[in-house]
Amino acid sequence: AHLFIPHEPLIFDRDANVIPLWKRKGMMDSPAYIEQVLGTNKLILEVIDEILLKSAKKPIIILQGDHGYRRGKYSENTKLSILNAYYLPGKSCEVVWPAISPYNSFRVIFNTYFKANYKILKEKELAE
């Protein structure tokens with residue numbers, strides 16, 4: 001699933017309650033974004049718990065952001081790294097590495113679990 005949260009419009013508070021429309025004016029600031037991140041985290045954890053509880057087989061779960069928080073005119077000095085988290089049942093955490101890119105994460109998972117033979121790209125090449 002591709003979820004557009006936390007994204008503007010910022011509609012959730014930290015408890016994942018929907019903020020009434022009349023209260024949303026002027027909420028495009030950092031505190032409102034943080035509230036939505038906290039609410040989003042709560043919802044995502046509930047979804048992951050449900051998936052783990054109801055799956056007949058242990059699922060592979062990839063939780064990934066498409067970009068980090070960007071403020072103002074999306075300047076480089078306010079942009080953060082993306083979230084890149086995995087639940088890889090039956091595998092060691094060494095299967096992925098701290099600076100792995102989304103390009104390689106799917107290649108590694110397909111190679112590891114589904115016997116694919118995708119080439120692992122050099123992370124430095126991906127950054128250029």
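**Close-up views of a predicted model**

**View 1. The residue just after helix α2.** Lys-115 has a positive phi of about 55°. This residue comes just after α2. The model shown is predicted.

**View 2. Helix α2 along its length.** Helix α2 covers residues 102–114. The helix has 13 residues. From first C-alpha to last, α2 reaches 17 Å. That is close to the 18 Å expected at 1.5 Å a residue.

**View 3. The buried face of α2.** Four names make up the buried set of α2: Asn-104, Ser-105, Val-108 and Ile-109. Seen down the axis of α2, the buried residues fall within an arc of 135°, so they line one face of the helix. An α-helix has 3.6 residues a turn, so residues three or four places apart point the same way.

**View 4. The opposite face of α2.** Tyr-103 and Phe-114 are exposed. Both sit on the face of α2 turned away from its buried side.

**View 5. The whole chain, for context.** The protein chain contains three helices and two strands. Their order along the sequence is α-β-β-α-α. The chain has 128 residues, and 20% of them count as buried. Its accessible surface comes to about 9,700 Å². Carbon and sulfur atoms account for 59% of that surface. Among contacts in the protein chain with a separation of 6 or more, 36% join residues 24 or more positions apart.

Definitions and conventions
Residues are numbered from 1 along each chain as its sequence is written. This is a predicted model: local features need pLDDT of at least 70, side-chain atom pairs count only at pLDDT 80 or more; totals for chains, interfaces and linings use all residues. Side-chain values use heavy atoms; hydrogens and water are left out. Buried means under 20% relative accessible area, exposed over 50%, partly exposed in between (1.4 Å probe, protein chains only). Contact means heavy atoms within 4.5 Å. Accessible areas come from the Shrake-Rupley method with a 1.4 Å probe; for residues, only the protein chains shown count as cover. The expected span of a helix is 1.5 Å times one less than its number of residues. The arc is that of the directions from the helix axis to the C-beta atoms.
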